[in-house]
Amino acid sequence: RSAPKQLMMWEALREAVDEEMERDPTVCVMGEDVGHYGGSYKVTYDLYKKYGDMRVLDTPICENGFMGMGVGAAMTGLRPIVEGMNMGFLLLAFNQISNNCGMLHYTSGGQYKTPVVIRGPGGVGRQLGAEHSQRLESYFQSIPGVQLVAVSTAKNAKALLKAAIRSDNPIIFFEHVLLYNVKGEVGGPDDVQCLERAELVREGTDVTIFTYSRMRYVVMQAVEELVKK
């Protein structure tokens with residue numbers, strides 16, 4: 001039996017996008033530098049060679065414009081993955097995310113679905129300025145109709161992104177910049193993780209700790225210290 005495949009998180013995310021684009025011709029990618037450059041953290045590296053420039057679409061630097069285009073594409077039958085080069089920049093598209101993306105299914109009386117995934121890097125990184133270091137969960141969690149997902153390992157990054165792409169809900173998919181090079185085991189093409197259930201990392205009897213994203217590693221280090229005591 002062969003050993004499980006090991007990938008860095010950015011590679012796991014890229015594999016998820018590749019597998020879903022191959023599986024479903026309605027899946028497409030749009031955003032700044034997602035095509036020929038391969039994305040700011042290489043999540044779409046070389047996918048334009050396989051799927052062409054229209055399914056991996058390089059957009060102008062205009063977040064409200066390409067976010068609106070992504071919402072419209074989702075309304076009319078596509079499953080777009082919209083990459084924000086940095087999550088902080090998506091404040092420029094807040095109207096499209098809140099007033100369009102999150103509300104359309106309700107305000108249209110169920111006539112429209114918006115199966116769009118809005119993904120990208122966020123969080124404090126190395127050598128990044130303040131406007132490149134924000135985490136916007138607190139902004140987006142107040143929007144009705146939008147689902148938030150945050151990943152922490154290569155395995156759940158791939159499995160959750162595949163689930164997000166297949167979902168009929170609009171999903172904001174958070175990736176921490178300091179986790180892209182974290183390496184780990186990943187599942188196969190059929191490994192899809194439930195978006196509505198938290199992952200149990202370690203079982204115990206005394207305390208319950210809820211965390212997400214990069215803080216998973218900080219918490220586990222603290223847990224190991226507590227166990228010693």
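Tyrosine 41 is partly exposed, with a relative accessible area of 27%, whereas tyrosine 180 is buried at 2%; here buried means under 20% relative accessible area, exposed over 50%, and partly exposed in between (1.4 Å probe, protein chains only). These values come from a predicted model, where local features need pLDDT of at least 70, side-chain atom pairs count only at pLDDT 80 or more, and totals for chains, interfaces and linings use all residues. Residues are numbered from 1 along each chain as its sequence is written, and side-chain values use heavy atoms, leaving out hydrogens and water.

The structure holds three aromatic pairs. Rings of Phe, Tyr and Trp (its six-membered ring) pair if their centres lie within 6.5 Å, and planes under 30 degrees apart count as stacked, over 60 as edge-to-face and the rest as tilted. In one of these pairs, the rings of tyrosine 41 and tyrosine 180 have centres 4.7 Å apart and planes at 20°, so they are stacked. The two tyrosines are 139 residues apart: tyrosine 41 is in the loop between strand S2 (27-31) and helix H2 (47-51), and tyrosine 180 in the loop between strand S7 (171-176) and strand S8 (183-185). Helices (H or I, at least four residues) and strands (E, at least two) are DSSP runs, numbered from the N terminus.

Next come the phenylalanines. The rings of phenylalanine 140 and phenylalanine 174 have centres 6.4 Å apart and planes at 45°, so this pair is tilted. Phenylalanine 140 lies in helix H6 (residues 137-140) and phenylalanine 174 in strand S7, so the pair ties together parts 34 residues apart in sequence.

What about the strands? Strand S4 (residues 79-83) has five of its five residues buried, so the rest of the structure largely encloses it. In a regular strand the side chains alternate between the two faces of the sheet. In S4, Arg79, Ile81 and Glu83 point one way, and Pro80 and Val82 the other way. S4 pairs with S2 in the parallel sense over five bridges (two strands pair if DSSP finds at least two bridges between them), and cysteine 28 stands opposite proline 80. Three bridges also join S4 to strand S5 (residues 117-122), again running parallel, with valine 82 opposite isoleucine 118.

Helix H7 (residues 154-166) is largely enclosed too, because eleven of its 13 residues are buried. Among them are Ala154, Leu160, Leu161 and Ile165, but also Lys158 and Lys162.
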